Amino acid sequence: MIGIYKITFSNGHYYIGQATDTNRRFSQHKRELKKGVHTNSRLQNCYNKYGIPVFEVIHECSKEELNAIETKYLYDNVDNELCCNFCKEGRSQSGIKRSDESKKKISDYQRLVGKVKPVYMFTRDNMHMVTRYNSITDAAKDIQCGPKDIQKSCRSNGKYNVKGYKFMFAQPIDNLLSEVSRIVKI
């Protein structure tokens with residue numbers, strides 16, 4: 001079912017979202033919340049404190065109407081202290097086609113402002129470092145998986161496995177290695 005959905009916790013906190021397949025999206029939310037790796041920290045905190053929420057579709061619509069209708073719901077709700085959403089605008093990027101030039105500009109800007117983070121790849125069994133990638137996207141292309149899987153692995157500090165590997169953001173590891181090399185002169 002295509003539409004706007006609401007996730008409500010027992011204490012009244014709620015989250016509003018959109019989906020082209022609400023059942024699949026509910027499953028994704030449940031999986032991420034259960035693993036403790038949901039990208040919305042407010043939603044994750046409510047789940048940790050109040051347990052399993054109620055999932056419901058509050059407005060069925062066409063795919064083309066999703067952004068406009070979600071924006072109306074968010075505009076009416078996001079200032080409510082019980083609302084777990086961060087933005088007032090429905091803004092799914094689904095179906096947007098960008099030129100290679102646009103993609104490069106976006107990538108360059110994200111690198112400039114520090115949104116592109118290097119990652120390390122480790123073996124799953126004994127945590128041997130395999131390689132360092134300049135970005136999650138580079139790692140995803142190399143091992144042919146989705147970037148969100150690598151992002152989940154990084155956010156869970158390697159607890160989430162991706163194609164037999166674990167991933168971690170490079171900055172904390174680089175800081176540790178720098179500190180160790182400062183203390184221990186080899």
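Trainee: Which residue in β2 is the bridge partner of threonine 8?
Mentor: Tyrosine 14 is the bridge partner of threonine 8. Please bear in mind that this is a predicted model.

Trainee: How many bridges join β1 to β2?
Mentor: Six bridges join strand β1, residues 3-8, to β2, and the two strands run antiparallel. Another position to look at is isoleucine 4, which stands opposite glutamine 18 in β2.

Trainee: What lies between the two strands in the hairpin?
Mentor: The hairpin of β1 and β2 has five residues between the strands. Among them is glycine 12, which takes a positive phi near 100°.

Trainee: In what order do the strands of the open sheet come?
Mentor: The order is β2-β1-β3, with three strands and antiparallel pairing. The edges are taken by β2 (14-19) and β3 (54-60); each has a single partner strand, so one side of each is left without a neighbour in the sheet. On average, neighbouring strands of this sheet are turned by 25° against each other, direction ignored.

Trainee: Back to β2: how many of its residues are buried?
Mentor: Six of its six residues are buried, and β2 is thus described as mostly covered.

Trainee: Which of the residues point which way from β2?
Mentor: Tyr14, Ile16 and Gln18 point one way, whereas Tyr15, Gly17 and Ala19 point the other way. All of these are buried. In a regular strand, side chains alternate between the two faces of the sheet.

Trainee: Which helix lies across β1, β2 and β3?
Mentor: That is α3, which runs at about 170° to β2.

Trainee: New topic, salt bridges. How many are there in the whole structure?
Mentor: A search of the whole structure finds four salt bridges. We can go through some of them, including the pair of glutamate 32 and lysine 152, whose side chains meet at 3.7 Å, N to O. This pair links distant parts of the chain: glutamate 32 belongs to helix α1 (residues 22-35) and lysine 152 to helix α6 (residues 147-155), 120 residues apart.

Trainee: Is that pair buried or exposed?
Mentor: Glutamate 32 counts as buried, because its relative accessibility is 7%. Lysine 152 is buried as well, with a relative accessible area of 14%. The cut-off for buried is under 20% relative accessible area.

Trainee: And what does lysine 72 pair with?
Mentor: Lysine 72 forms a salt bridge with aspartate 76, and the closest N and O atoms are 3.0 Å apart. Because they are four residues apart in helix α3 (residues 66-77), lysine 72 and aspartate 76 are separated by about one helical turn. Lysine 72 is exposed, with a relative accessible area of 54%, and aspartate 76 counts as exposed at 51% relative accessibility.

Trainee: Which residue does arginine 132 pair with?
Mentor: Its partner is aspartate 174, with 2.8 Å between the closest N and O atoms. Arginine 132 counts as partly exposed at 37% relative accessibility, and aspartate 174 counts as partly exposed at 24%.

Trainee: Let us turn to helix packing. At what angle do α1 and α2 cross?
Mentor: The axes of α1 and helix α2 (residues 41-50) cross at roughly 70° and come within 9 Å. At that angle, α1 is roughly perpendicular to α2. The crossing is right-handed.

Trainee: Which residues of α1 and α2 meet there?
Mentor: From α1, His29, Glu32, Leu33 and Lys34 meet Leu43, Gln44 and Tyr47 of α2. Glu32 is also the glutamate that forms the salt bridge with lysine 152.

Trainee: What about α5 and α6, how do their axes cross?
Mentor: The axes of helix α5 (residues 136-143) and α6 come within 8 Å and cross at roughly 120°. That makes α5 oblique to α6. The crossing is right-handed.

Trainee: And which residues of α5 and α6 meet?
Mentor: Ile136, Ala139, Ala140 and Ile143 of α5 meet Pro147, Ile150 and Gln151 of α6.

Definitions and conventions: Residues are numbered from 1 along each chain as its sequence is written. This is a predicted model: local features need pLDDT of at least 70, side-chain atom pairs count only at pLDDT 80 or more; totals for chains, interfaces and linings use all residues. Side-chain values use heavy atoms; hydrogens and water are left out. Buried means under 20% relative accessible area, exposed over 50%, partly exposed in between (1.4 Å probe, protein chains only). Two strands pair if DSSP finds at least two bridges between them. Axes are lines fitted to C-alpha atoms, for helices over the stretch in contact, and angles run from 0 to 180 degrees between N-to-C directions. Contact means heavy atoms within 4.5 Å. Angles under 35 degrees count as roughly parallel, over 145 as roughly antiparallel, 65 to 115 as roughly perpendicular and the rest as oblique. A crossing is left-handed if the near helix is turned anticlockwise from the far one by less than a right angle, and right-handed if clockwise.
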